[in-house]
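Hello,

Here is the structure I promised to pass on to you.

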Amino acid sequence: MEHGSFTDNSAATFSLTEEDHTLANAVRFTLNQDPRVTFSGYCIPHPSHARVNIRVQTTGEPAREILKDACQDLMLMCRNVRSSFDKAVEDFKASNSVKAMNIDSQDGDSEESE
Amino acid sequence: MAGKEEENKKFSIWDLPDVPMGQLPPHLELQRSRVFCNRDAPIHTESVQYSGAYASMGVDNSLRLDHFCNNFRVEVVRLTEEDMEFDMIGIDAAIANAFRRILIAELPTIAIEKVLIANNTSIVQDEVLAHRLGLVPIGVDPRLFEYISENDQPNEKNTIVFKLHVRCERGSPRITVKSDELKWLPKGSELVKESRNATSDSSSKPETYTSFSCSQETMPELAKNPIAPKYPDIIIAKLGPGQEIELEAHAVKGMGKTHAKWSPVATAWYRMLPEVVLLEEVEDDLAEELKVKCPVNVFDIEDLGKGKKRATVARPRACTLCRECIRGEEWEQRIALRRVKDHFIFTIESTGALPPEVLFTEAVKILEDKCERVISELS
């Protein structure tokens with residue numbers, strides 16, 4: 001899983017199986033945004049094997065912790081995305097049903113006036 | 001001499017009056033947040049992700065979670081049972097692409113996998129018929145079922161059985177077999193397996209290809225909505241007089257990664273919000289020319305009175321980036337075509353198993369599960 005960090009644990013390569021660009025690019029983005037990271041990147045050694053190598057080099061903290069923090073941040077971002085999305089869908093449905101009711105009541109009024 | 005030395009002392013740009021403290025100057029902010037779509041090629045396409053990118057300016061580019069949570073917004077533009085369009089503002093392309101990839105390839109769905117053909121005298125070959133049946137979308141919630149693996153017995157929790165038996169009589173015209181002929185069998189398979197065991201008890205139930213312990217109609221969600229193909233008018237095959245098709249189809253849960261028939265979206269895509277800016281005043285004849293050039297009517301004419309007209313940008317969201325408006329001479333100095341890097345217009349078209357807003361929520365949950373798996377592997 002973690003290679004290249006025997007002597008110095010602030011720089012390591014993590015090899016994940018059964019993963020591809022979906023997770024690796026998102027994790028690489030969150031890693032890059034962390035101020036303790038000097039270098040981060042990912043590569044896919046061969047497209048036929050589902051394996052991803054993520055490289056992390058930090059300013060001294062153990063790379064494993066930084067990667068865990070980045071994954072935690074990504075999870076929190078996802079939860080935030082989910083809650084904002086659910087709220088937006090609910091608001092949209094509520095406003096649409098109000099509009100539909102208004103149109104119905106307007107039709108009803110115009111019929112009554114005639 | 002003393003005065004000159006004082007003038008040559010190093011001076012900091014923060015002393016200049018028009019550079020705001022802690023913020024990027026406007027041209028750098030534009031480079032960071034917009035893609036410039038020029039006539040030959042787009043520039044500034046990569047998002048500036050490195051946390052120390054603007055360190056020399058004193059601007060912190062790092063991800064602060066609270067900053068993200070405050071700035072992130074979702075706005076739904078259109079929502080029907082089959083498709084939806086919504087805007088995600090304040091997110092990066094890496095994560096938006098992760099959602100798109102998961103929607104297409106990693107959301108589980110149910111589709112026909114095994115087809116047991118008892119009789120096929122039509123002109124459609126067995127394997128072509130089986131392939132077509134696999135692509136028919138089935139309107140059932142895949143979260144109610146489990147995955148099946150190689151050595152599992154097909155039972156009521158991981159398989160759905162359909163039957164198709166159509167016959168075209170001699171003397172009648174050709175008939176078209178549509179997907180509404182696929183009938184759901186809630187009690188399981190009806191095809192009997194040949195039993196080689198001579199000592200088998202003749203009074204026991206004959207062994208079929210599935211072992212359902214109870215009827216699937218007893219599940220409360222399925223009792224109210226019987227399982228059927230989502231669209232009843234999909235053409236599966238055509239039969240001439242005297243031809244017959246009799247088969248049983250088993251549907252299982254799978255992911256788009258294995259085969260596209262298990263993809264729950266017709267497709268899902270996103271584009272960045274286009275921004276069309278007029279750099280100079282475009283007046284009179286040029287304004288008319290501009291309005292006519294754009295195939296999606298992004299520009300409008302505004303009357304200034306006294307016969308003078310001016311072009312304005314009315315519908316930048318409709319811009320398809322065809323670059324017709326900057327194609328001629330000098331037009332590139334008058335119009336700037338840009339894209340906002342963190343504003344994505346997502347469109348999801350569902351094939352019918354689940355409504356599109358549920359699909360997106362499930363996709364986000366799957367990304368969270370992936371992160372959790374990595375965290376647990378690391379600990």
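Let me begin with chain B, which has nine helices and 14 strands; helices (H or I, at least four residues) and strands (E, at least two) are DSSP runs, numbered from the N terminus. Please keep in mind that this is a predicted model, in which local features need pLDDT of at least 70 and side-chain atom pairs count only at pLDDT 80 or more, while totals for chains, interfaces and linings use all residues. Residues are numbered from 1 along each chain as its sequence is written, chains are lettered from A and ligands numbered from 1 in the order in which they are written, and side-chain values use heavy atoms, with hydrogens and water left out.

Of the 379 residues in chain B, 41% are buried (buried means under 20% relative accessible area, exposed over 50%, partly exposed in between, with a 1.4 Å probe and protein chains only). Taking the contacts in chain B (heavy atoms within 4.5 Å) between residues at least 6 apart in sequence, 74% join residues at least 24 apart.

Now to the interface. Chain B and chain A bury about 4,100 Å² between them, 68% of it on carbon and sulfur atoms; buried area here is the accessible area (1.4 Å probe) that two parts lose on being put together, summed over both. Chain B brings 44 residues to the contact and chain A brings 42 residues. There are six salt bridges between the two chains, each a side-chain nitrogen of Lys or Arg within 4 Å of a carboxyl oxygen of Asp or Glu. One of them joins B:Lys370 to A:Glu19, with the closest N and O atoms 3.5 Å apart. On the chain B side, the elements giving two or more residues are helix H3 (65-71), S3, S4, helix H4 (93-105) and helix H9 (356-378). H9(B) gives the most, with 15 residues. By class, this side of chain B has 27 nonpolar, six polar and eleven charged residues (Ala, Val, Leu, Ile, Met, Phe, Trp, Tyr, Cys and Pro count as nonpolar, Asp, Glu, Lys and Arg as charged, and the others, Gly among them, as polar).

How do S3(B) and S4(B) pair? Strand S3 (residues 73-79) and strand S4 (residues 83-89) of chain B run antiparallel, over six bridges; strands pair if DSSP finds at least two bridges between them. They form a hairpin with three residues between them, and B:Arg73 has B:Ile89 in S4(B) as its bridge partner.

B:Thr210 sits in the loop between strand S8 (183-184) and helix H6 (220-224) of chain B. With a relative accessible area of 6%, B:Thr210 is buried, and its side chain reaches the backbone nitrogen of B:Ser189 at 2.9 Å. Leaving out residues up to four places away in sequence, B:Thr210 touches B:Pro154, B:Val161, B:Gly188, B:Ser189 and B:His250.

A:Glu18, in the loop between strand S2 (11-17) and helix H1 (21-33) of chain A, is exposed at 52% relative accessibility. The phi of A:Glu18 is positive, near 60°, in a residue other than glycine. B:Leu321 is not a glycine either, and has a positive phi of about 60°.

Best wishes

Note on methods. A polar contact is a pair of N or O atoms within 3.5 Å; within protein, one must be able to donate a hydrogen and the other to accept it, and residues adjacent in sequence count only if both atoms are side-chain atoms.
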